[in-house]
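New notebook page. I'm jotting down what I look up in this structure, one entry at a time.

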Amino acid sequence: MIEPLVHRPWKVLKSENILKIGPWLSVRQEEVELPNGHRIPTWFVLEYPNWINVIAETKDGQLVMNDQYRHGLGVTAYELVAGVIDPGESPLEAAKRELNEETGFGGGEWEEYMILCPNTSCQDNLSITFLARGVEKTSEPHEEESEDIRVHVMSKDDVKQLLEKGEIIQALHAAPLWKYFAK
């Protein structure tokens, strides 16, 4: 039997935003006290907007994937469609917008599939994955200036093989895909 969680929040003694970079990243520095009385004088929280991912399945059962260069790690990698939820936008609206912008696909039946936190110890945002079944090509992609995306329509077996070989390395994309293939 799984024991119920006991919520044990830290007491924030001091909090200060020390860095704001554009709309996507702020850093908050806090002094905190744990329930056991221990104090941590400097704890950093990275503040990001929430993100979305899309597992997009075409009408004929293929999966729509991307590849793009990721400068942080210096690699070009296969990924799901992903992006930031803009202010005032619902997660579903963001997911549909990102799928269309990055791939030119749309339509289909949509469901919220999985919610993850990128790093619960120091980030305050969530990554919400949607499953879109029955999508089809509706337009050409329209990338942002910071994007250089290649679209791939792949068999489920090919995507599963990429996972098994460790070629989908973005954890927030791999986890929902592993769930998808486990069902």
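Predicted model: local features only at pLDDT ≥ 70, side-chain atom pairs only at ≥ 80, totals over all residues.

**Cysteines**

I started with the sulfurs. The sulfur of Cys117 sits 8.5 Å from the closest cysteine sulfur, the one in Cys122, and that is too far for a bond. My cut-off for a disulfide is 2.5 Å between the sulfur atoms. Cys122 is in no disulfide either, with the sulfur of Cys117 as its nearest cysteine sulfur at 8.5 Å. I then looked up the count for the structure as a whole, and it holds zero disulfides.

**Model and fold**

I counted three helices and eleven strands in the protein chain. Reading from the N terminus, I get the order β-β-β-β-β-β-β-α-β-β-β-β-α-α.

**Size and surface**

I looked up the box that the C-alpha atoms fill along the principal axes, and it is roughly 60 × 45 × 30 Å. The protein chain has 183 residues, and 37% of them are buried. Its accessible surface comes to about 11,000 Å², with 53% belonging to carbon and sulfur atoms.

**Charges**

How many positive and negative side chains does the protein chain have? I get 18 positive and 31 negative. The centres of the two sets lie 6 Å apart.

Definitions and conventions: Residues numbered from 1 in each chain as written. Heavy atoms only, no water. Helix = DSSP H or I, 4+ residues; strand = E, 2+ residues; numbered from the N terminus. Buried < 20%, exposed > 50% of the residue type's maximum accessible area, 1.4 Å probe, protein only. Areas by Shrake-Rupley, 256 points an atom, 1.4 Å probe, with all protein chains shown as cover. Lys, Arg positive; Asp, Glu negative; His and termini not counted. Charge placed at Lys NZ, Arg CZ, Asp CG, Glu CD.
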